[in-house]
Every structure is written in C-alpha cells, then in structure tokens.
Amino acid sequence: MALYQATLYGPATLSTAATIAAAAQVYDSDNPVTSGTSQAANVTILKQIIVCNTDSSARTFSLYLDSNGTVAVSDTLFEGVTLAAGETKIINTSIVLRAAQNHKLHVRASAGSVVTLTLVGLEEY
C-alpha cells in the first residue's frame, strides 16, 4: 500500500444550508483525489482543516462525517465554529475515513461565498 499526500478539497467557498441534512458534501472516500482511477482509497487520513472567513463580519462553519447517506446531529465533528472577520483557522487532526464504511465529509457555513475551506490529508491505496 502506498500513501499519497493530497489536497482533498479546495480551496473553495462554502455555501449556506438551513439544516444539517442539507450540508454540502465536500469529500467522498469512495472517490479519492490522487488515484486518477475509479479505485477507492482504502483509507484517507484527514490531517488539516483550513477555514478562512474573507468577510468583514464574523461567520461560522460546521463539519460533519456521514457514513449512511443522511447527515444528522450524531455525525457532527464541529458545530457553529466562529471565525472572526478576516480570520483563518488551521485545525490539525488525524480523522480516519474508510471507503469500506462509506465515509463522506459535509460542511455548511453561516454565509455563502465568504468562508473558504481546504482539506489536506493522505490517501492510501
């Protein structure tokens, strides 16, 4: 098995969602970014979450880890994390995402087009 370092998502602006269930999917362990094929990564390790508020007002973001196709409160990793105006947060993690468990990351922000997200990690094949 080989490990590949990758930008798993972004940088891209986030959208708003009125409910947790409507949070946008930003990474699917069944569709890796580094293989160049339809082969699913056996394991993805999410190493960094980089979130930036480009607005002049405070904003929030939430991140969820879903494994059954429906995002719910029980899937919450981060809820309502506040970003001050112009603030960037770098969150170091070691969250393991497994293709066999159909793991997907979903996110939502309090305002669209002003909060950006970048996910960095390792994919194993």
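Glu79 is partly exposed, at 42% relative accessibility. In this predicted model, the Glu79 side chain meets that of Arg108 in a salt bridge, 3.3 Å from N to O. Glu79 belongs to strand β5 (residues 76-83) and Arg108 to strand β7, so the bridge ties together parts that are 29 residues apart in sequence. Arg108 is buried, with a relative accessible area of 14%.

Now move along to Lys104. Its side chain forms a salt bridge with Asp28, at 3.4 Å from N to O. Lys104 sits in strand β7 (residues 104-109) and Asp28 in strand β2 (residues 24-28), so this pair ties together parts that are 76 residues apart in sequence. Lys104 counts as buried, at 12% relative accessibility. Asp28 counts as buried too, at 11%. The cut-off for buried is under 20%.

Lys104 has another partner. Its side chain also meets that of Asp30 in a salt bridge, at 3.9 Å from N to O. Asp30 lies in the loop between β2 and β3 (43-53), while Lys104 is in strand β7, so here the parts tied together are 74 residues apart in sequence. The 3.9 Å value still passes, because a salt bridge needs the nitrogen within 4 Å of a carboxyl oxygen. Asp30 is partly exposed, at 26% relative accessibility.

Asp28, Asp30 and Lys104 are linked in a network of salt bridges. The model's count comes to 4 salt bridges. Among them are Glu79 with Arg108, Lys104 with Asp28 and Lys104 with Asp30.

Methods. Residues are numbered from 1 along each chain as its sequence is written. This is a predicted model: local features need pLDDT of at least 70, side-chain atom pairs count only at pLDDT 80 or more; totals for chains, interfaces and linings use all residues. Side-chain values use heavy atoms; hydrogens and water are left out. Helices (H or I, at least four residues) and strands (E, at least two) are DSSP runs, numbered from the N terminus. Buried means under 20% relative accessible area, exposed over 50%, partly exposed in between (1.4 Å probe, protein chains only).
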